[in-house]
Amino acid sequence: MAVGGENGVFPNGGGNQSNGAGDHHIRRIPLSYDGANSEESALELVLTIRPDWADTAFNKVEFVRFTDGITNTLLKAVNKRPGLSKEEVDSEAILLRAYGNGTDVIIDRFRETQNHELLMRHGLAPELLARFENGMMYRFIQGSPTQSEDLRKPVIYKAVAQRLAQWHAVVPCIKAPTGHSRKNSRADGPMTLDSNLGDAEFQNVIDNVAPGKPPPNVWTVMQKWIFALPTDTEAQRARQAELQKELTWLVSQLSQRPGLGVNGLVFAHCDLLSGNVIVLPKTSQGVTNGDKATENVTFIDYEYATPSPAAFDIANHFAEWGGFDCDFSVLPTLAQRRQFIDEYIRAYFTYREEKKPGAAASVDQKAEVEQLLTEVDHFRGAPGFYWGIWALIQAEISTIDFDYASYAEIRLGEYYAWKDEVTGTRQKDGKEAPLRERRWAQEE
């Protein structure tokens with residue numbers, strides 16, 4: 001999961017913007033963040049883009065460490081110059097995000113920068129100031145991150161639905177190779193699924209895992225993660241083979257289902273946990289429908305953003321209502337899902353109409369709500385599979401104090417429980433439906 005923070009970020013309307021084709025004009029700093037020497041290395045990076053902060057006679061640079069996530073290190077750099085209010089200090093603050101150990105195995109960092117620039121262009125991301133060897137720095141503005149319990153409040157989840165609809169309706173998908181190379185796989189170690197593939201075949205297998213879906217997409221991401229699974233033991237290799245079989249089945253069941261966007265894909269966030277949903281100050285401009293009971297939110301951290309079915313992105317967000325503890329008892333009921341999706345569809349076609357006048361004229365929005373509600377139901381097990389594979393990799397590479405191995409089994413358990421339900425296996429075996437499935441079926 002991408003890390004969130006104590007405060008959020010929001011576009012300030014300034015800075016370089018791109019056409020979404022690359023990050024060639026984003027400043028690159030040939031330095032690295034060193035977690036063992038955190039403040040000194042962070043200060044060196046910040047002073048590279050703000051050399052005026054080096055005057056210690058008038059400036060006092062401080063760092064605030066955020067701990068809401070389990071992938072990266074996120075530091076807020078502030079310059080507490082004498083006479084400035086907190087709001088004035090925050091208006092100049094910089095967020096420094098250093099990538100977690102070994103995460104290039106699972107995250108395409110070039111693609112992440114493309115995502116950030118593309119979102120900047122559409123007013124949906126803060127100004128990206130610079131990249132460094134193992135991270136990036138971008139602008140900060142005051143805001144309040146949600147907690148998992150906040151996601152369950154109508155005032156918040158309606159705002160999330162509006163903002164997510166804007167992403168899906170307005171931001172185009174970028175087509176490109178998946179951004180995975182053989183150095184990211186375990187092919188040079190013990191025998192693995194990709195050991196006998198040449199480089200071109202290897203890339204071809206990933207990019208075409210879901211026929212007819214241009215890469216990258218959520219399916220290609222899961223395929224490259226399966227190739228990156230640890231395979232040092234016979235048990236690990238058997239687990240990789242099992243998950244590959246499950247991915248093939250999952251793709252056959254879900255990848256060709258109808259959906260919004262082009263080719264059934266939209267520009268999806270794919271990591272809308274609470275820490276990545278920021279409630280903006282009341283003065284911030286953004287999504288509005290005249291509903292005084294609705295907050296205004298924005299999203300941060302775009303490292304997992306990739307073209308995906310809208311239903312996957314929404315189901316993935318719903319799974320986060322239970323937080324890292326995976327409290328299945330608080331997942332959205334049918335009534336809550338319907339409220340969310342009703343708000344989403346209204347906003348989605350409003351944005352589509354703005355982008356292409358007349359596009360929404362003949363749309364039956366009530367029917368669209370019912371269709372998407374059905375699709376989200378079909379996709380409810382996919383996020384568990386997605387994050388389960390991710391956590392198996394993190395258990396091997398991460399230095400963050402988090403029990404990834406247990407988390408992997410919980411998330412994969414969500415997938416298998418869903419599969420047993422849709423295939424009828426659970427009923428055939430005479431077993432009681434697990435809590436997550438019972439909660440999902442709850443009407444109110």
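Glu-62 and Lys-60 pair through their side chains in a salt bridge, 3.4 Å from N to O. A salt bridge here is a side-chain nitrogen of Lys or Arg within 4 Å of a carboxyl oxygen of Asp or Glu. Glu-62 counts as partly exposed because its relative accessibility is 25%. Lys-60, at 49%, is also partly exposed. The cut-offs: buried is under 20% relative accessible area, exposed is over 50%, and partly exposed is in between (1.4 Å probe, protein chains only).

This is a predicted model; local features need pLDDT of at least 70, side-chain atom pairs count only at pLDDT 80 or more, and totals for chains, interfaces and linings use all residues. Residues are numbered from 1 along each chain as its sequence is written, and side-chain values use heavy atoms, with hydrogens and water left out.

The whole structure holds 27 salt bridges. Two of them follow.

| Salt bridge | Closest N and O atoms |
|---|---|
| Lys-419 with Glu-246 | 2.9 Å |
| Arg-338 with Glu-370 | 2.3 Å |

Arg-338 in helix H9 (residues 334-355) and Glu-370 in helix H10 (residues 365-378) are 32 residues apart, so this pair links distant parts of the chain. Helices are DSSP runs (H or I, at least four residues), numbered from the N terminus. Arg-338 is partly exposed at 32%, and Glu-370 is partly exposed at 34%.

Lys-419 is buried at 18%. Glu-246 is buried at 10%.

Gln-223 sits in helix H6 (residues 218-227). Its relative accessibility is 2%, so Gln-223 counts as buried.

How values were computed: Helix = DSSP H or I, 4+ residues; strand = E, 2+ residues; numbered from the N terminus.
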